[in-house]
Amino acid sequence: MSDIPRGALSRTAKLASLPLSAAGRATVGWGQRLAGRDKAEVTSALQRRTAEQVFEVLGQLKGGAMKFGQALSVYEAAVPEEYAAPYREALTKLQNAAPPMPTATVHRVMAEQFGATWRSRFAEFQDRSAAAASIGQVHRGVWKDGRPVAVKIQYPNAAAALKADLDQVSRMAPILGLMMPGIQIKPLLVEMRERVLEELDYAAEADNQRAFAAAYAGDPDIMVPRVVASAPKVIVSEWVDGISLNKIIVDGTREQRDRAGYVMCELHFSAPARVGMLHSDPHPGNYLLTPDGRLGVIDFGSVARLPNGTPPILGEVSQLALSGDTARVVAALRDEGFVPRDYDPDPDQLVNYLVPFVEPLRHESFHFTRQWMQEQAARMGDLSSEESKMARRLNLPASYLMIHRVTLGSIGVLCQLDSRAPFRAIVARWLPGFDPDPV
């Protein structure tokens, strides 16, 4: 594959085939149930075949299709085990894998971005890619001053492919919703379309990385590699050694799981105060655990700009919920636009709705597990429950959409990690308006 095909019929056909294939499987499944096969057995088989095809196609296509798969993968912990098991391995592979560009294409892009003498900038450049992601791939090299570097190269025609893919993927929402019950797919797609296209701008990404690197220089918990050189389609930055969080999720030690969760939480809550930005692509392929226990952050294509830091209302509501002051929780959320003026929700139900965000703060140390995440997803996925009916009447102001998604995504990764750590202390240190022990 020399690039991401621009508007290619083959890409459209592959994506368009997913809903049709799923519909066909559903018809077959219905017939099998009529013939007397066990309902749970038929449903499980349908889920497995649908998942296998979805993630195979997403992985092959790269671009927006693969980017959506990566975003979806952080919610894997919310899926019941009987459904998640058949495709967990496919999700893990998808997060940081794609067919590489031919060497000739790599050389052509480097010459376009840095000039015909681009090799003179390097003491060494490896033609074989070291890693691949949704819209680019990474090569190892040695800069002319002897520093090991990572060279991130954007796939040709990535912009057109992203736009085409996102149009097609949006049509898959009903199928994906059935495949992963409890996950709100449509809002995720709408928000992701706006943000993913920003990731095409490698110049902006390099600036984001420079800002994070300056803010976390010398930090004992977070390691951000410095940018060595950049161009519109290429970023060269210092190489980071470490263990991918993908690998830690699969077979990490208890120490690695707890440490990875702790430093990831530290990044999430400290960045708005220290950088004025929120790192907003929390899938595990973007993080490494370095040999000295820091979180290596290696992708800055997606950030939310919070120049005034995290809005204090989030900390204030969390503290009110912890103290049991449910009436003030409703009032505060109404003032901020979360609760419509013409709607009076039951205060206790509203606080119960906030459990995924508040419960970890009730404990000095909290253990994020898949079982806990699945319980929350099942509770909110029950459309007949009073909490779910109430939730459908609430608003999520646009300014909070990214914060909400990133927080949920980060919780999903913590549950995949099976991480236990003193998260409340991190939140108390960095979240404005939150004091778990007010005088």
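## A buried aromatic group

Phenylalanine 366 is buried, at 8% relative accessibility (buried means under 20% relative accessible area, exposed over 50%, partly exposed in between; 1.4 Å probe, protein chains only). Phenylalanine 368 is buried too, at 3%. The model is predicted: local features need pLDDT of at least 70, side-chain atom pairs count only at pLDDT 80 or more, and totals for chains, interfaces and linings use all residues. Residues are numbered from 1 along each chain as its sequence is written, and side-chain values use heavy atoms, without hydrogens and water.

The whole structure holds 11 aromatic pairs. Phenylalanine 366 and phenylalanine 368 have ring centres 4.8 Å apart and planes at 75°, so they pair edge-to-face. Rings of Phe, Tyr and Trp (its six-membered ring) pair if their centres lie within 6.5 Å; planes under 30 degrees apart are stacked, over 60 edge-to-face, the rest tilted. Phenylalanine 366 also meets tryptophan 372 edge-to-face, because the centres are 5.3 Å apart and the planes are at 75°. Both of these residues, phenylalanine 366 and tryptophan 372, are buried.

## Other ring contacts

Trp118, Phe122, Phe125 and Trp143 form a cluster linked by ring pairs.

Arginine 140 sits over the face of tryptophan 239, 4.0 Å from the ring centre. The cut-offs are NZ of Lys or CZ of Arg within 6 Å of the ring centre and within 35 degrees of the ring normal.

Strand β5 covers residues 227-231; four of its five residues are buried, so the rest of the structure largely encloses it. Strands (E, at least two residues) are DSSP runs, numbered from the N terminus.

β5 pairs antiparallel with β6 (residues 234-238) over four bridges; pairing takes at least two DSSP bridges. Alanine 229 has valine 236 in β6 as its bridge partner. A hairpin of two residues joins β5 to β6.
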